[in-house]
Amino acid sequence: MTQRKKAPFRADHVGSLLRPRRLRDAREAFERNALSAADLSRVEDEAIREAVRIQEDVGLLAVTDGEFRRREWHMDFLKQFANVRAVPSQIRMRFHTHEGDTEVMPPSLRVEGKLGRPHGIFVDHFRFLKSTTRIVAKQTIPSPTIMHFRGGRAAVDRTAYPEMATFFADLARVYSEEIVDLAAAGCRYLQIDDTNFAYLCDPALRSEVQANIGEDPDTLPLTYVKLLNDAIAARPADMAVCMHICRGNNQSAWLAEGGYEPVAELLFNEAKIDGFFLEYDTPRAGDFSPLRFVPKGKVVVLGLVTTKLAALESKDELKRRIDEASRFLPLEQLCLSPQCGFSSTIEGNKVTVEDEIAKLRLVVEVAREVWGSP
């Protein structure tokens, strides 16, 4: 089978990597006003260069900055838009772990005026990443749906946005501005990280959508697909845009459960996305049958290697599951990756850097054996 020349690649990964201790210490010092922004940036630069070398050494064809300049995968981006403020959540969420469940109230967002983008958000981050590698530099950003999902209508100022259609149009516009500038900086591989399509597959969370934010879980995916399409409409034709659909990833805990069936046909066919990173590391993600809705020309990256546990998967088991998925989607439309990032928050999952490297190397080796190349 021929090597994929365009992202996503046969062996890929979601993006975030475990932060080195010196980077975590530097960020904590910066937040205590004990370290300057310039000194923090120098530590980040050094850590990113090392992370890029790790990714290149294991044989990946695309690298990320590990999200090393963020405390969390989403808030560091979303709070940069004008008139957006982080607020305590009104929604209590039950995270699941292999040791038991825990309830948390993750931060939410409030839109207090007209949305704007006063400056590039991750554009300079991407420029630095691109300067560190000769292979493809991949930029990850949180999905625009997150600006709406945790608060709904109540979290959007009614004076600025008496009609929600205007809010969604402005949200797509500010995202488009960032994406256009990323493209101008040379980005040709963009990944949008989204939790809300997975949440809309979980029966318990679907029932909370109506109760907590006053939305219909059956129609909200339509709104979100339009938002995504509008946000990426101005991307250049040679930019690959993928989406990672996540069930929650916080220190090896997860939130949502349930297969992709409730959103699969709409999302795979109507979202103008080139590839979908789908979590399939455990039965909580359901079976592969929703892949039957993926049209020709789109790719699914099977997240079969867990980032939540240290145990290394067997090659035979991974190959068996790839074969099972190929009954619903041709092998040439499939790729392989870990199920999520290794460190969606600064704390990281309960694995070591050695575990992380072994899992990335495993993905590359299995991809070579199944498809003939990473």
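Leaving out residues up to four places away in sequence, Leu-291 touches Leu-278, Tyr-280, Val-300, Leu-302, Ala-325, Phe-328, Leu-329 and Leu-334. Touching, or contact, means heavy atoms within 4.5 Å. A second, separate core of 11 residues includes Val-14, Ala-240, Val-299 and Cys-335.

Leu-291 itself is tied to the largest nonpolar core, which has 104 residues; Phe-167, Leu-267, Leu-291 and Leu-302 are those with the most contacts inside it. Helix α6 gives the most to this core, with 10 residues. A nonpolar core here is a set of buried Ala, Val, Leu, Ile, Met, Phe, Trp, Tyr and Cys residues joined through side-chain atoms within 4.5 Å. Buried means under 20% relative accessible area, exposed means over 50%, and partly exposed lies in between (1.4 Å probe, protein chains only).

## About the model

This is a predicted model, in which local features need pLDDT of at least 70 and side-chain atom pairs count only at pLDDT 80 or more, while totals for chains, interfaces and linings use all residues. Residues are numbered from 1 along each chain as its sequence is written, and side-chain values use heavy atoms, with hydrogens and water left out.

## The chain as a whole

The chain has 12 helices and 12 strands. These are DSSP runs numbered from the N terminus: helices are H or I with at least four residues, and strands are E with at least two. Along the principal axes, the C-alpha atoms fill a box of roughly 60 × 50 × 45 Å. The radius of gyration is 19 Å, which agrees with the value near 21 Å that a compact globule of 374 residues would have. That radius is taken over C-alpha atoms, and the globule rule is 2.2 Å times the number of residues to the power 0.38.

Of the 374 residues, 59% count as buried. Among contacts between residues at least 6 apart in sequence, 79% join residues at least 24 apart. The accessible surface comes to about 14,800 Å², and carbon and sulfur atoms account for 49% of it. There are 51 positive and 55 negative side chains, with the centres of the two sets 3 Å apart. In this count Lys and Arg are positive and Asp and Glu negative, with His and the chain ends not counted.

## Helix α4 and its cover

Which residues of helix α4 are buried? In this helix, residues 123-131, they are Val-123, His-125, Phe-126, Phe-128 and Leu-129. The cover over the buried residues of α4 includes α2 (37-58), β1 (62-63), β6 (136-137), β7 (139-142) and α6 (164-184).

## Buried residues to look up

Is Lys-359 buried or exposed? Lys-359, found in helix α12, is buried, with a relative accessible area of 0%. Setting aside neighbours within four places in sequence, Lys-359 is in contact with Val-305, Thr-306, Leu-309, Ala-310, Ala-311, Leu-312, Glu-313 and Phe-342. Lys-359 and Lys-130 are 229 residues apart in sequence and 24 Å apart in space, C-alpha to C-alpha.

Gln-333 sits in the loop between α11 (315-325) and β12 (334-338), and it is buried because its relative accessible area is 9%. Among the residues that Gln-333 touches, beyond four places in sequence, are Arg-10, Pro-295 and Val-299. Gly-348 lies in the loop between β12 and α12 (353-371) and counts as buried at 7% relative accessibility. Gly-348 is 332 residues from Ser-16 in sequence, and their C-alpha atoms are 9.0 Å apart in space.

## Backbone details

Where is the cis peptide bond? It joins Ala-7 and Pro-8, with omega about 0 degrees; Pro-8 is in the segment before α1 (21-31).

Asn-33 is not a glycine, yet it has a positive phi of about 65 degrees. Asn-33 is placed in the loop between α1 and α2 and is exposed, with a relative accessible area of 73%. Asn-83, also not a glycine, has a positive phi near 65 degrees. Asn-83 belongs to strand β2 (residues 82-87) and is partly exposed, at 39% relative accessible area.

Conventions: Accessible areas come from the Shrake-Rupley method with a 1.4 Å probe; for residues, only the protein chains shown count as cover. The place of a charge is taken as NZ of Lys, CZ of Arg, CG of Asp or CD of Glu.
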